Amino acid sequence: MDYHPIKKPNVKNMKVKPNLIKRTGGKGNAVWDGIQQELSWLPGGTLNMAHECIDRHAEGAGKDRKALLWEGKEGEKETYTFGQLKEESNKFANVLKELGIKKGDRVFMFMERVPELYIAIFGALKLGAVVGPLFSAFGPDPVKDRLFDSGARILLTQPALRRRIADILPDLPELEHIIVVNKNNRDPDPFVKGDLNYDDLMKRATSELEIARTSMYDYSVMHYTSGTTGKPKGAAHCHFAVVQQYATGKWVLDFHKDDLYWCTADPGWVTGTSYGMFAPWSNGVTQLIYEGGFKASMWYELIQRYKVTVWYSAPTAIRMLMKAGEDIPARYDLSSLRHINSVGEPLNPEAIVWGLKVFNQAIHDNWWQTETGAILIANIPAMDVRPGSMGRPIPGIEAAIISDSFDKLPPGKEGNLAIRPGWPSMFRTYWKNAEMYNSRFRKGWYITGDRARMDEDGYFWFVGRTDDVINSAGHLVGPFEVESVLIEHPAVVEAGVIGKPDPIAMEVVKAFVALRDGYEPTEELRRDIMAFARKKLAAAVAPREIDFIPSLPKTRSGKIMRRLLKARELGLPEGDTSTLEED
Ligand code: AMP
């Protein structure tokens, strides 16, 4: 079964809300057919995420409801209602229109979590542009790869981030404009000649706009995700994804209209868009956005001060809170919390026990990935949490454990976690890489790349990845990306990268490097290579440890045997080494 990038239907001829699942290649599915009726849609059966998340509330009873409570890292506070977000995003759409941006053009953001990031994303979506938010901790290399591959025409950024990537900008032939946001005039020297000033553009723009009549098949959001080989791939989603983001906001995050929600993920990663924008706002829920990073006392203080009711975070953050001790939370009133969720890595049973002690309730684990666009497997509030399990497939989703020949395995057997394609938020292509996209679908299943097992009651238990991808603090790191940077260092001739188990971050990146003749394996050189990688990548992606080895184990066809490096590192059996190259 092939899932080629979808064809756009003739929207003009659509009179009624179409049966979407049939059109996406899956079976008719009463669950999704029903829930999609709860969205507003646009004339002619068209659908735009920005309309579902912002305008439909702004044009109704939700106009003056608070959508966004922002707290900056310097303690600044701002509040936006749905009505104000509508106005501001309309203006930004008009700014882009003036710059010649059309439906389908890529507009990327390299920004901290400031309100302008959110306004810009919805403004671009209103025009039918495809948005790509990038993680603000990235160094120049990952930013360049993503801007180049996507062919982004516009980059929205901030002065310090722009300085960080100045050297790569000449290598981006399709990038036409850089728009700079100098938030609250924090930077004394914000603009480079040729850049556009966000504030000036917005002052001149009108807030009159008719939202683009995007079809549900038009691309909306792109997130780059890492694989074992090659550069990260741009997983592109469509406007239709909002149906499932809306539904899971209700079913899994248990949103009620008067909730105060906080998602700690950055919009540079899929959780920060699907659940840091689309799920809460399509449900009309008020959310807190905190620009600062992790600090245990500050996080508890935010929960207390904003009276957060629903909280979505990640196992690494929870383990960091656990490490900070129980004295700190004891100083805060956390009783507003009604429902806590976690995603991105396995949630250890100890974390659930700790949650029961500190928050007086279980932390609910759920599973999904960049490609799935929304939660697929979850411990929903009505279910008994089984500590250590990711939960059960949500309504409308068929998940299974399948063998390496893609046949269904019985309960209790470990195998490949697979999903029946056709769920609304399914990715629709890897950007400019349809072949890789199609390779993820086999014998009627989407192959997730995770290993898991299912018990007799249909609960799924995560086992590990089937590939060499590293999960560090919930962020997937492709070893190839890190190895490519390491060999740019003059002393390094080859490099192999693995994930080393870590009690907090699940895994940290560890590199093995072989040195060019004439270089000595000194402590100074090790530090220099680490600093080099951190500058080019990001602290979260760069190796935390580097070992020097004379040469890397390779297959006869020249591929680095990362599996062997890992087995040796962990003192495990080396497994089948019959393809190992002889020295
Ligand atoms: P990403 O595409 O960066 O969001 O990462 C998705 C990957 O994170 C999945 O394929 C899993 O390997 C891992 N992951 C996500 N959620 C969970 C979970 N609840 N338990 C275990 N692993 C998870």
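Tutor: Happy to! Let's begin with Asp-467, which is partly exposed because its relative accessibility is 24%, between the 20% and 50% cut-offs. Keep in mind that this is a predicted model. The partner of Asp-467 is Arg-465, and the closest N and O atoms of this salt bridge lie 2.8 Å apart. Arg-465 is partly exposed too, with a relative accessible area of 24%.

Elsewhere, salt bridges can share partners: Lys-500, Lys-510, Glu-545, Asp-547 and Glu-569 are joined into one network in this way. In total, the structure holds 49 salt bridges.

Now turn to Arg-162 and Asp-195, whose side chains meet in a salt bridge with an N to O distance of 2.6 Å. This pair links distant parts of the chain, as 33 residues separate the two partners. Arg-162 belongs to helix α7 (residues 159-164), while Asp-195 sits in the loop between β6 (177-180) and β7 (196-197). Arg-162 counts as buried because its relative accessibility is 10%, under the 20% cut-off. Asp-195, at 15% relative accessibility, counts as buried as well.

Lys-102 forms a salt bridge with Asp-105, and their closest N and O atoms are 3.7 Å apart. That distance qualifies because a salt bridge needs the nitrogen within 4 Å of a carboxyl oxygen. Asp-105 is buried, with a relative accessible area of 10%. Behind such pairs is a general idea: side chains of opposite charge can pair when their charged atoms come close.

Key. Residues numbered from 1 in each chain as written. Predicted model: local features only at pLDDT ≥ 70, side-chain atom pairs only at ≥ 80, totals over all residues. Heavy atoms only, no water. Buried < 20%, exposed > 50% of the residue type's maximum accessible area, 1.4 Å probe, protein only. Helix = DSSP H or I, 4+ residues; strand = E, 2+ residues; numbered from the N terminus.
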